[in-house]
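Please keep the sequence at hand while reading.

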Amino acid sequence: MEVLIDCYFDKLFAEMERSCLASRYKRRELVRYFSDVINSCAEAENLETEDVCERIVLAALRYHNITLSENGSVCLLGKFHNVLYVAAKLCYDWNLKNNEIVSRLLNDIFYCEKTFERILVGAIFGTRVTHFLSGWKCDFEDREENIRALTYFLDHAAMGRLEYRCNSSGGFKRRLIDIPMESYGQVLPLRVAIQHGSPDILLIMLRYGASTESDKLAPSPIEILLSKLNEYNVGIDDNDVCIYPQHLLLCLKLLLRTITTVCVRTPEHIAGQSGVFSLSLRDRYPKLAESNLVPPERSGEYPAELMHLCRCKIRQTLFENWALPHGIRTLQIPESLRDYLDLFYD
């Protein structure tokens, strides 16, 4: 069966034009075609559909790797690379559970692209604008399916303990959820989600342990969000009440569940002269502090609650052991505390 599928796969792709899989509808046609093959072969050979799906995905990986090696380990792109996204859609559609195969697929995507933005972008922005932003139309039907697909691959990446070395991050290894997005100035996905103001995808990223720390390329997510909220105070008199967008307030609420104390870096031109590298929330954004958007237990005015500090520590330990978020459900604690650890409420 494996040899027949490989030969059939090679013959099918040899007849295709190089650019044939650049169009989303062509990739979808091929996915539907292979889905019919999976059903037919499973019925004819009395096999499990997942077994047939595994063999087709392996054939796609084999095809990509052969063309890669024949070209000096440089991807030929076109159909030779886009076949990986046909394989990715098949993995998701048939809920392929073989972690070794899905991990190989993710590794091959990163080897050629150095990013996972094609998996992330549809979940953050939806399917309508992704073509204009990155020149790529998502293979999944809508934003909801993109989000489900993202969690599927995040689960496999955690199960396989996958880490990738990123040149833009000083050569440090990062997990899938923290791989910079090439088309967005090497910004981490969590920061893109905050800039877009999408609390639903932000919650998913935080649950999977996305980094909330600052780095040399960009301020921390909380700093980005506070800066966006502070823009609504421009031109507002002291006696006026500022109305903040609800989606940004929800993003702030979610972020505050993952950090112990809000720390705002001093602007570089001031830090260089004064030697003060961080400011309190009240000093940096006095109007935000007066609005009580950030509780005093998070702004540094009062110590954080012990329960919250425990949540942050437990989540960090689970993250280090590749157990976020599903490892929370294995803890011998009440269900309400599991939801608290999983960031579903304050």
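In what follows, Ala, Val, Leu, Ile, Met, Phe, Trp, Tyr, Cys and Pro count as nonpolar, Asp, Glu, Lys and Arg as charged, and the others, Gly among them, as polar. This is a predicted model, in which local features need pLDDT of at least 70 and side-chain atom pairs count only at pLDDT 80 or more, while totals for chains, interfaces and linings use all residues. Residues are numbered from 1 along each chain as its sequence is written, and side-chain values use heavy atoms, with hydrogens and water left out.

**Cavities**

- A cavity is a set of points, on a 1 Å grid over the protein atoms alone, where a 1.4 Å probe fits but cannot get out; lining residues have an atom within 4 Å of a point.
- Grid points are joined across faces, edges and corners, and a volume is the space filled by probe spheres set on the points.
- There are 2 cavities of 30 Å³ or more.
- The largest cavity holds about 120 Å³, and its lining has 11 nonpolar, no polar and 1 charged residues.
- Helix α8 (residues 143-159) gives the largest share of that lining, 3 residues; helices are DSSP runs of H or I, at least four residues long, numbered from the N terminus.
- The second largest cavity has a volume of about 70 Å³ and is lined by Tyr85, Ala88, Lys89, Arg118, Ile119, Trp136, Asp139 and Phe140.
- Both α4 (79-93) and α6 give two or more residues to this second lining, with the largest share, 3 residues, coming from α4.

**Helix α6**

- In α6 (residues 117-125), 8 of 9 residues are buried, where buried means under 20% relative accessible area, exposed over 50%, and partly exposed in between (1.4 Å probe, protein chains only).
- Among the buried residues are Glu117, Ile119 and Phe125.
- Arg118 is partly exposed, at a relative accessible area of 25%.

**Salt bridges**

- The model has 16 salt bridges, each a side-chain nitrogen of Lys or Arg within 4 Å of a carboxyl oxygen of Asp or Glu.
- Arg28 pairs with Glu141 at 3.9 Å, N to O; Arg28 lies in helix α2 (residues 24-45) and Glu141 in the loop between α7 (130-134) and α8, 113 residues apart.
- Arg118 pairs with Glu113 at 4.0 Å, N to O, and Glu113 is buried, with a relative accessible area of 15%.
- Arg329 and Glu335 form a salt bridge at 2.7 Å, N to O, within a network that also takes in Arg207, Arg338, Asp339 and Asp342.

Terms used. On a 1 Å grid over the protein atoms alone, a cavity is a set of points where a 1.4 Å probe fits but cannot get out, and a pocket is an open set with protein on both sides within 12 Å along at least five of seven lines; lining residues have an atom within 4 Å of a point.
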